[in-house]
Amino acid sequence: MASVGYVCLGANDFDRATAFYDALLGEMGGKRPMPTPHGLMYRLASGAMIMITRPYNGQPATHGNGAMLAIAVDSKEDVARIHGKALELGGTCEGEPGPRGAFGEFAYFRDLDGNKLAVFHTGR
């Protein structure tokens, strides 16, 4: 079976972006397992790694329209806590924490470079 190994999020101010992700992913137990030539990898407890990277082509990083990284967390309280932490770190709200139909508890935000993220808990 195949699985996702890592996802990349572009950053224009690499030091500022990694400070944001150090604090945000640290709230979820995230660790920095290794640097790469253009960026830095983060590992959560399980699942794909997250790489914060300077674009390889040397052009400015831009966010994808319709692209989003969604991170599963352990509880609906974590959804609200992580969303609040992202906003405290300078992220912008794209959807307050709350239920989304029968899917569970979700919250949405953008990082400092405009990349969209979600945190969610399905309760399953």
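These legends describe close-up views of a predicted model. Local features need pLDDT of at least 70 and side-chain atom pairs count only at pLDDT 80 or more, while totals for chains, interfaces and linings use all residues. Residues are numbered from 1 along each chain as its sequence is written, and side-chain values use heavy atoms, leaving out hydrogens and water.

**View A. The largest nonpolar core holds 24 residues.** Such a core is a set of buried Ala, Val, Leu, Ile, Met, Phe, Trp, Tyr and Cys residues joined through side-chain atoms within 4.5 Å. Buried means under 20% relative accessible area, with a 1.4 Å probe and protein chains only. Tyr21, Ile52 and Ile71 have the most contacts inside the core. Elements supplying at least two residues each include H1 (14-26), E4 (49-53) and H2 (76-88). H1 gives the largest share, six residues. Helices (H or I, at least four residues) and strands (E, at least two) are DSSP runs, numbered from the N terminus.

**View B. Surroundings of Ile52.** Contact means heavy atoms within 4.5 Å. Beyond its neighbours within four places in sequence, Ile52 touches residues including Leu9, Phe14, Tyr21, His38 and Tyr42.

**View C. An open sheet of four strands, ordered E5-E8-E7-E6.** Its pairing is mixed. Strands pair if DSSP finds at least two bridges between them. E5 and E6 (92-99) are the edge strands, each pairing on one side only. E6 and E7 run antiparallel, joined by five bridges. Pro99 stands opposite Glu105 in E7.

**View D. H2 lies across E6, E7 and E8.** The helix runs at about 10 degrees to E7. Axes are lines fitted to C-alpha atoms, for helices over the stretch in contact; angles run from 0 to 180 degrees between N-to-C directions.

How values were computed. Buried means under 20% relative accessible area, exposed over 50%, partly exposed in between (1.4 Å probe, protein chains only).
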